[in-house]
Amino acid sequence: MKGYNLGELEELILLTVGILDQEAYGVAVLEEIKNQTGRKVNISAIHTVLNRLEDKGYLKSHMGGATEERGGRRKRLFSISATGRAAIEEVKNVRNKLFDQLPPLALDFSHGY
Amino acid sequence: MDTKLKYHPPKWPDRFLEFYCNPSRLEQIQGDAYELFHMNLEERGLRYARFRFLIHVLSFFRWGNIRRSKPSYQTYNHGAMFKNYMKIGWRNLSKQKGTTFISVFGLACAVGCCMVAYLFIAHIWFKGMHQPNKNEIFQLTYTVEEDEGKITYGTVAEPISELIPENLNQVKNQTRILTNFSVLIHNNESFLQRSLYVDSGFMEMFEYRMEYGFPGALNEPDEVILTHQLSEKLFGDTHPIGQEISLVTDGTEKLYKVGGVMADLNDMDMFNFDLLVNIESSHNTSLDLPLKDAWSSELWTFVQLEKGTNPMDLNPGLAMLKERQNQINPEKPYLDLELVAYTDLIYKVDQIERGVRTFLGLAPQIVLGAIATFIMILAVFNYINISILMASRRLKEIGVRKVIGSNKWQLIAQFLSENLLVCLMAIVLGSLLAAFLFLPGFNDIASKNLKIDLFNDKYIWMFLAGMLLFITLVSGLYPAIYITSFKPIHILKGNQQLGSKSVFTSVLLTFQFTLAIISIVAGVAFVQTNYINSNRDWGYESSDKIIVNVPSPEDYTPLKNKFAALASVNEISGSQDYVGNWIREEELIYDEQKYEIGLLNAEANYSEVLDLKLKQGRMFNPALISDTEESILVNQKFLDRLGLSFPLTKKITLDSVGYNVVGVVEDFHTIYFQSLIDPLVIRASPDSTFNYLTLKMSAGTAASSMEEVKKIWHETIPRGLFEGKLQTEVFDHEVKDVQGVSKLILFAAILAVVLAALGLFGLVSLNMNSRIKDFCVRKVFGADLGDLSMKLAKRYLIIWVIASVLGGGLAIFLVSTFLNSFFAFHSGVGLIPLGLGFLVLFLVIVGTVSSQIMKIVKANPARILKAE
């Protein structure tokens, strides 16, 4: 397999959408990332990434859940697709595989210090 | 309701978001932005929330979110769509070659005419605009108070140019310019050439392309620069540099060497000249003259400022110069000494006396512009009519396109793009027509040197592009909007009738016919006038007479004696001016009333030499001394103007001397028929004042003796310019002018008729095609040729009648005004031009209709009716 090309922010947002499960939309993702990682991401960047991930087929979306705060506007709710799931797993596996091959950072005195 | 909902996000960013945002994404984006606003409002307060809202709106302004007319992935289809339009357009055009030809040819003729008119008008208004330094060059002008008010002159006192370097330090180059017609002598042949006396700075300010030599040649006082044309004339193929020529100015001859040859001037150049001469070399430099005389000699002075200098900075320096002048010449103080930008000179022609350009010649511009507009209107109307009819065959296509989902503007775009194709062809063809047919012809008529210079003239590109856009929109917009406005259901049901009987088409056709009639009437009336004028009696016998010029008074007697000795010369007489040319006006007093009257000073036998016709009284008698001192002859017009009858009771006072009127001659034309005959007085005067000699030759010998006369003249005056001519030739120049105009108008008339005929042909044939079944049914039922023709022609004949009435009325008014502005003597708009106009148009209608009727005559109704 050629592999899924996921950027760092893409991976983060894909995971967050997965965590939020049916409740993922722009602001919710923003908040979740802030709470989980303490990272402040620009809302427009999140939108761009969400749209891009949907174009790539990792996310699917539907409109729903209008609230008063939004001026009666609906949210675009994203959920992770099967391909998205596969992608995130693949990324994780590759990372784990590589990580496992790291030499232990143990106290190795063989270099003769 | 929650209290926080009292606050709203700021309006303007919100609107901006709605404006730019792609509608499919607007809801989620706006919703999120609102939600964030309220979160921020709770956490950090209103101001912060509003600020963040703005930031968010701005950060959403990304390529992916911006609304476009089409989603981005469809751009490829856009190109395909236009390609498709073009292809359909091309197929449509090539399917109907005849009508396409009519449209393209008509528009191309119009474009060609417009190009010629444009070039002619542009060469006047854009004069000198191709000079690279044009924005830094200024001319010095001054204003004085005169009787008629303030007058600005383009010339300034000559010594000012010497004071410029010390007073105006922003000046980079300066030049004095003096034009002169000087006699150029080379190999014992003399030519009268326009020479421009300039300072060497001239060649640095103005750029001319040199063919040989270099512009610096003018730094040498004894070198001149010739134009290519003059160099060709003088030296032919031999290398011109270093050749010697001599110039005669103010009676003194000076030898020069040719230092350079420049490419020929074109009509865009500000200055007209044949050769450039260093002003220091010949002109009496002001140093030799007393101070006051030096300051009263004036010439054009141009300066070139350093780049980026504001001309206002020179004002203090100019004020000092003005003061200096006013000290020396206190009786004629300058009110103002000013700089006029080189680029404004043309626009200020009326305001500057003695300027570089003295008049703009509006009349020919108007004539040409009007002709071009006429032809353009005709061609555009042709096109509108034909394209409506052509499109009516495509109604089904339009209906289907609409049903599938094209909106109106898409259909209009489709029609306009087809239209663009036609107009593009017309522009290309029109430029070719102009370049190879119209312009050479026009240059010949108007003795101009206009050309289409696609490489150097950026204005012509602008003109062509503007023209393309203009024609496309003007000719295409109405048909496109009209045709696309139908409801598809009507079209597809088949009950949408269109075209053949529309009022609009009739109105356009009427207008076209009217224009055609006016132009035919103008053409015919002009030709008729020329014919009548060429046979008009000049009022005297013009044959067998030669006029020669006398350059200076001391040449008069020797010249006269030598000519008198010639065997073929019967009689000889001197005159100050000659009949056939401009005659000076003088003030005379009769009965204490003042009159401005033409005065011809001549020898006593002049009236007999010229064969003027005596009406009353007697001619001068050269033997009577009283006749050369106190007698005058007058023409009939003189008596009419003053309301007198011969013999007069009182004396006429001229130059405070009283004269008796001894005779009255019949009116005769001293100037061409463009002007009325003016009152004229002929006075016998002493010999020395005469500038011309008139030789009366034995019958039939005038033309053949011309060479001999010229030889004798040159023997007597070796350093002069011979300007002899036959008396019969005096109006040649005017006749040529008038004939040129008449050719131009005739050409326009023919073009107008051809265009109207083509348009009519297109209309009739398209009409015929759509009604051929109708006609065949009639034929089957026994309609004869007359009925059928009448049926087809009726509408056009009605239009012809209306156009005749309209066009006739307009023509009588317009063409008479036009003739009046050209001639004092003309045929007027009589029956012949009007009748011819109506007839030609009638024949055109009959011709086109009968050519179509022939189709039916030949057609087999069975075959046509069978086909479905």
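The largest cavity here has a volume of about 50 Å³. A cavity is a set of points, on a 1 Å grid over the protein atoms alone, where a 1.4 Å probe fits but cannot get out. The volume is the space filled by probe spheres set on those points, with points joined across faces, edges and corners. Rolling a probe the size of a water molecule over the atoms shows where empty space is left.

A word on the source. This is a predicted model, where local features need pLDDT of at least 70 and side-chain atom pairs count only at pLDDT 80 or more, while totals for chains, interfaces and linings use all residues. Residues are numbered from 1 along each chain as its sequence is written, chains are lettered from A in the order in which they are written, and side-chain values use heavy atoms, with hydrogens and water left out.

Back to the cavities. The whole structure has 3 of 30 Å³ or more. What lines the largest one? Lining residues have an atom within 4 Å of a point. Among them are Gln139(B), Leu345(B), Lys348(B) and Arg357(B). The lining divides into 4 nonpolar, 2 polar and 2 charged residues. In this scheme, Asp, Glu, Lys and Arg are charged; Ala, Val, Leu, Ile, Met, Phe, Trp, Tyr, Cys and Pro are nonpolar; the others, Gly among them, are polar.

Next, the interface. Chain A brings 21 residues to the contact and chain B brings 20. Contact means heavy atoms within 4.5 Å. Overall, the two chains bury about 2000 Å² between them, 49% of it on carbon and sulfur atoms. Buried area is the accessible area (1.4 Å probe) that two parts lose on being put together, summed over both.

How many salt bridges cross between chain A and chain B? The rule finds 3. It asks for a side-chain nitrogen of Lys or Arg within 4 Å of a carboxyl oxygen of Asp or Glu. Glu27(B) pairs this way with Arg74(A), with the closest N and O atoms 3.0 Å apart.

Definitions and conventions:
1 Å grid on protein atoms, 1.4 Å probe; cavity = no way out; pocket = protein on both sides within 12 Å on 5 of 7 lines; lining within 4 Å.
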